[in-house]
Amino acid sequence: MSDRLPGFSTLAVHAGAQPDPTTGARATPIYQTTSFVFNDADHAASLFGLQAFGNIYTRIGNPTNAVLEERVAALEGGTAALAVASGHAAQVVVLQQLLQPGDEFIAARKLYGGSINQFTHAFKSFGWNVVWADPDDIASFERAVTPRTKAIFIESIANPAGSITDIEAISTVARKAGVPLIVDNTLASPYLIRPIDHGADIVVHSLTKFLGGHGNSLGGIIVDAGTFDWSTGGKYPMLSEPRPEYHGIRLQETFGNFAFAIACRVLGLRDLGPALSPFNAFMILTGIETLPLRMQKHCDNAKAVAEFLAGHPAVASVSYAGLASDKYNQLARKYAPKGAGAVFTFSLKGGYDAGVNLVSKLQLFSHLANVGDTRSLVIHPASTTHSQLDDAAKVKSGAGPDVVRLSIGIEDKEDLIADLEQALSA
Amino acid sequence: MNHDAYPDNYIRGILNSVKSIAMVGASPQNVRPSYFAFKYLAQRGYDMIPVNPGHVGKDLLGKPFVASLSDIGRPIDMIDIFRNSSHIMPVVEEALTLDPLPKVIWMQLGARDDAAAMKAESVGIKVVMNRCPKIEYGRLSSEISWMGVNSRTLSSKRAPAPTQGMRLSLNRMSVGGGDTAASDRAAKNKAEQS
């Protein structure tokens with residue numbers, strides 16, 4: 001019982017899980033049930049009033065999902081977490097707690113194309129106004145701050161080109177502005193980067209990618225760092241003011257340093273409804289147990305493939321922060337010393353047509369719109385994930401017409417290189 | 001004691017040893033945190049005494065309110081103060097007149113008075129500030145894990161199914177003392193600013 005810190009791999013296997021009290025089952029059971037029986041009327045009232053720990057209904061919480069939540073919170077070094085149906089759902093739920101109609105949030109221009117769409121179009125209809133800033137120019141974040149700014153949103157390793165964001169520098173801007181820093185850590189996973197250690201207040205993930213890791217289950221998660229003081233200046237009324245839907249409870253006062261995760265659960269998930277299936281939670285939990293092994297292999301393979309491509313005569317350029325010549329290599333050494341991730345882009349001398357030809361000739365790489373699978377994946381972002389952006393925005397987000405994106409899997413690297421070799425010479 | 005980050009064994013030792021808890025500022029309003037912390041600790045087997053001069057003559061979940069600590073009339077192990085930081089010192093001063101002295105003075109989430117803590121510690125009383133005993137009990141037993149909270153404990157043992165009115169084991173393996181490192185840093189920065 002000494003206070004000793006277990007390592008990352010131990011937490012990846014054990015955190016949040018223990019033998020089932022009823023059956024002794026050692027693997028986490030799939031609690032595939034909508035609802036949970038109350039002991040009596042008083043117990044029911046206590047649960048509904050947020051006064052007791054326990055389960056009510058799977059849209060609010062589920063024991064399988066709770067294991068996943070605690071595990072990711074432990075791996076990220078947060079105080080609590082909330083699992084939801086997808087990474088996109090995580091972003092809606094987070095911003096719902098922070099923004100009122102007419103408010104603004106600042107987002108890095110280099111983001112997953114789906115996030116750029118969500119922020120630009122869907123959130124606009126809620127009256128949440130995104131203001132773009134350039135992650136390669138920290139001053140652009142400072143210039144974007146206004147009295148209506150409520151949050152800053154960045155990716156730790158940015159899609160699609162795998163560029164590394166200077167989290168600490170941007171967290172300084174956020175602290176000065178008095179707003180939380182939200183970091184999407186999907187492409188790094190906590191094995192490579194723990195954003196909370198660098199000043200993030202909230203971490204979000206698409207669990208669908210490296211955490212689940214097998215391309216079989218959608219999921220998203222929100223991790224509360226427990227670092228932000230929500231009580232100052234009435235800026236975040238969802239957390240600091242009495243909540244009429246819970247008889248006047250003030251969440252920050254009642255739940256302290258995990259109040260944000262509770263707000264996401266009882267005000268966000270409960271009312272918006274994007275609950276994660278317990279079956280998906282089980283699949284993702286199983287994936288997380290091998291995260292450290294897989295992630296290292298992903299990174300080692302990616303570096304070998306990037307080095308191969310950088311030396312190939314048909315390749316114009318490779319954007320991979322793990323290459324010594326890459327403009328993000330210094331940041332990669334600082335933030336992700338174990339590896340620069342496994343998602344990156346390269347461009348072909350033959351332009352758009354050569355990219356299309358390459359994709360059609362590959363036999364091991366799968367042409368699809370996902371990343372972070374055990375299998376190696378390939379896509380042409382300009383015609384798919386980033387297709388809804390205009391040409392200028394495509395180039396700015398690293399998805400120009402000549403760019404091909406790879407997500408390197410955990411196969412043998414020699415086979416991946418051989419497949420690229422034959423496709424490039426075909 | 002470093003009041004920015006408590007080792008789990010310090011909190012565990014307190015919650016495993018105290019039996020009676022006087023709660024100063026206990027509220028009969030069932031939406032106040034003091035009410036449901038009182039109820040939870042009573043259900044987990046602690047001998048709870050509500051202290052609030054505004055409610056003498058009434059009772060809280062069957063326990064009669066007393067006006068002040070000196071009205072309790074029997075030894076108490078722990079005083080849990082549900083008052084703002086600015087109202088802590090008089091309560092601690094009153095606690096120091098008790099005979100025998102309480103073993104623990106606990107200040108609720110959000111409440112901290114370092115001068116009062118030093119006074120109590122100088123006569124051998126253990127002090128906890130800016131924590132909730134319900135949350136800590138739930139965390140060390142991992143019951144709070146139902147809420148997706150990081151209990152920062154692990155166990156490979158099969159626990160009994162929790163029911164109302166039973167004590168839970170708090171003796172799980174800790175995965176790091178106090179709060180997470182990041183939330184500790186934030187709390188410390190906030191304390192230094194104020």
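# Exercises on a predicted two-chain model

Over all chains, the count of aromatic pairs comes to 20. The structure is a predicted model.

## Exercise 1. An aromatic pair in chain A

Task: Classify the aromatic pair formed by A:F105 and A:F119, and state which parts of chain A the pair ties together.

Solution.
1. The ring centres of A:F105 and A:F119 are 5.0 Å apart, and the planes make an angle of 80°. Centres within 6.5 Å make a pair, and planes over 60 degrees apart count as edge-to-face. The pair is therefore edge-to-face.
2. A:F105 lies in strand β2 (residues 104-108) and A:F119 in helix α5 (residues 113-122), so the pair ties together parts of chain A that are 14 residues apart in sequence.
3. A:F105 has 0% relative accessibility and counts as buried; A:F119 is buried too, with a relative accessible area of 1%.
4. A:W230 and A:Y236 form another edge-to-face pair, with 5.2 Å centre to centre and 85° between the planes. Both of these residues are buried.
5. A:F105 and A:F119 also belong to one aromatic cluster, together with A:F123, A:F126, A:W128, A:W132 and A:F153.

## Exercise 2. Backbone exceptions

Task: Find where two cis peptide bonds lie, and decide whether A:S189 and A:H247 are buried or exposed.

Solution.
1. Most residues other than glycine have a negative phi, and most peptide bonds are trans.
2. In chain A, the peptide bond from A:N159 to A:P160 is cis, with omega near 0°. A:P160 sits in the loop between β5 (157-158) and β6 (163-164).
3. In chain B, a cis peptide bond joins B:D99 and B:P100, with omega about 0°. The loop between α3 (88-95) and β6 of chain B holds B:P100.
4. A:S189 has a positive phi, near 60°. A:S189 is in helix α8 (residues 189-192) of chain A. With a relative accessible area of 0%, under the 20% limit, A:S189 is buried.
5. Phi of A:H247 is also positive, near 55°. A:H247 is in the loop between α9 (237-240) and α10 (251-255) of chain A. Its relative accessible area of 61% is over 50%, so A:H247 is exposed.

## Exercise 3. The fold of chain B

Task: Check the radius of gyration of chain B against the value for a compact globule, and describe the surroundings of B:V104.

Solution.
1. Chain B has six helices and nine strands.
2. For 194 residues, a compact globule would have a radius of gyration near 16 Å, and chain B agrees, with 16 Å. Its C-alpha atoms fill a box of roughly 45 × 40 × 30 Å along the principal axes.
3. In chain B, 55% of the 194 residues count as buried. Among contacts with a separation of 6 or more, 63% come from residues 24 or more positions apart.
4. B:V104 lies in strand β6 (residues 104-107) and counts as buried at 3% relative accessibility.
5. Leaving out residues up to four places away in sequence, B:V104 touches B:I14, B:V18, B:D77, B:M78, B:I79, B:I125 and B:K126.

## Exercise 4. Surface and charge of chain B

Task: State how many positive and negative side chains chain B has, and how far apart the centres of the two sets lie.

Solution.
1. The accessible surface of chain B is about 8100 Å², and 53% of that surface belongs to carbon and sulfur atoms.
2. There are 24 positive and 18 negative side chains in chain B.
3. The centres of the two sets are 8 Å apart.

How values were computed. Residues numbered from 1 in each chain as written. Chains lettered and ligands numbered in written order. Predicted model: local features only at pLDDT ≥ 70, side-chain atom pairs only at ≥ 80, totals over all residues. Heavy atoms only, no water. Helix = DSSP H or I, 4+ residues; strand = E, 2+ residues; numbered from the N terminus. Rg over C-alpha atoms; globule rule 2.2 N^0.38 Å. Buried < 20%, exposed > 50% of the residue type's maximum accessible area, 1.4 Å probe, protein only. Contact = heavy atoms within 4.5 Å. Areas by Shrake-Rupley, 256 points an atom, 1.4 Å probe, with all protein chains shown as cover. Lys, Arg positive; Asp, Glu negative; His and termini not counted. Charge placed at Lys NZ, Arg CZ, Asp CG, Glu CD. Phe/Tyr/Trp six-rings, centres within 6.5 Å; stacked < 30°, edge-to-face > 60°.
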